Amino acid sequence: MGDCLTTNWGYEGKRGPEHWHELSQRFACGLDFKWQSPIALNKEIVTSEKLSKELVFHYKEEVFLEELFNNTFHFVPPEKESYLMYDEKKYWLTDIHFHLPSEHTLEEKNYPIEFHLVHMNEAKHNLVVGILFSIDSFDQLIAQKEGKIELDQAFPEFCFNPALFLPENRGFYYYIGSLTTPPTIGPIEWIVFDEVQTLSQTFVNYLKKEIVENNRRPLQPIKDRKVWYQNNHNSTQ
Ligand SMILES: [Zn+2]
C-alpha cells in the first residue's frame, strides 16, 4: 500500500486499470462508487425522459500553465476566470487535460483524442465536459483556431479562450459517473458533446511528446444508471 500522492499507476501491466484499486488505500475507495466512467455513449441507451437544463459557457481568454501529472498533459488556469452555468449552478473551469485515444465512445466509435474540461462548483462537486476530436491537418479553420495558442515557446504559459475548443452544435449526453483516473471516485457529472471536433496532427504531436500514449481507461459497464441526451439550443458563446 503506497502513499496516496506518490502511488505510481499507469495503463499497462501490474499498475494498469485492472489493478488501480489494489495500489493504495485511497485508490481502493474508487470501488465504492458503482457508476464508473468512461462509458459507451449512443442514442439507443438514452432515456426518453426529457432533460431541459440550461448549459451556458462563460469562458474567457485567460492564462493557462502547462503541467504534467496523472500521466497526462494539463492546461491549468491559475486565475480560474472561465466558468459554465449548468442547471443554474456555477462551475469554474479548473483544468483541461487530454486522453489519447478517446475514453468515451460515440455510437461504438473511438476517436484519436478526448479533451476533459474539469469544472468545480462551490460545494466542490465536479462536472467534466468531454469533447472528442479527430485529426485533419488540412482544415484551414482549425489552423486558424490553433494559431491562437502559441505552442512552441520557452516558457510553458499560454493565453487563450478555451471556448475555441467547443463545438458549434451543443447537443450532449449527460450522465453520472466517476473520475477516469485513480482514485476513480464519484459522483461526477459528465457532459459529453455529440459533435466531434477536429485538431491538426501538429497540435496532437505537441501533446503527444509529453503524454504516455494510450492513457485511456477501458469502458465501464453502464449498470442501472440513466443516460440523457439534450439538444442544447440555449447555450451561448
Ligand atoms: Zn480525464
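The paragraphs below walk through a predicted model, from its domains to its metal site, a helix and some backbone details. Local features need pLDDT of at least 70 and side-chain atom pairs pLDDT 80 or more, while totals for chains, interfaces and linings use all residues. Numbering starts from 1 along each chain as its sequence is written, and side-chain values use heavy atoms, without hydrogens or water.

Start with the domains. The assignment gives domain 1 (1-31) and domain 2 (33-230); such bounds come from an automatic or database domain assignment. Their C-alpha centres lie 23 Å apart. Domain 1 puts 11 residues into the contact and domain 2 puts in 16, where contact means heavy atoms within 4.5 Å. Together the two domains bury about 1100 Å², with 63% of that on carbon and sulfur atoms. Buried area here is the accessible area (1.4 Å probe) that two parts lose on being put together, summed over both. Trp 9, Tyr 11 and Trp 20 supply 54% of what domain 1 buries against domain 2, more than any other three residues. The count of salt bridges between the domains is 0; a salt bridge needs a side-chain nitrogen of Lys or Arg within 4 Å of a carboxyl oxygen of Asp or Glu.

Next, the metal. Which residues coordinate the zinc ion? His 97 (NE2), His 99 (NE2) and His 116 (ND1) do, at 2.0 Å. Donors are N, O and S atoms within 2.8 Å of the metal (3.2 Å for Na, K and Ca); water is not among the atoms, so sites may look incomplete. The sequence spacing of the donor residues is H-x1-H-x16-H. Both His 97 and His 99 are buried (under 20% relative accessible area; exposed is over 50%, partly exposed in between; 1.4 Å probe, protein chains only).

Now helix H4, residues 201-208. Its buried residues are Phe 203, Val 204, Tyr 206 and Leu 207. Down the helix axis they fall within an arc of 155°, so they line one face of H4. The arc is taken over directions from the helix axis to the C-beta atoms. Helices (H or I, at least four residues) and strands (E, at least two) are DSSP runs, numbered from the N terminus.

Finally, the backbone. The Ser 37 to Pro 38 peptide bond is cis, with omega near 5°. Pro 38 sits in the loop between helix H2 (25-28) and strand S1 (40-41). Gly 186 and Pro 187 are also joined by a cis bond, with omega about 0°. Glu 108 has a positive phi near 70° without being glycine, and is exposed at 65% relative accessibility.
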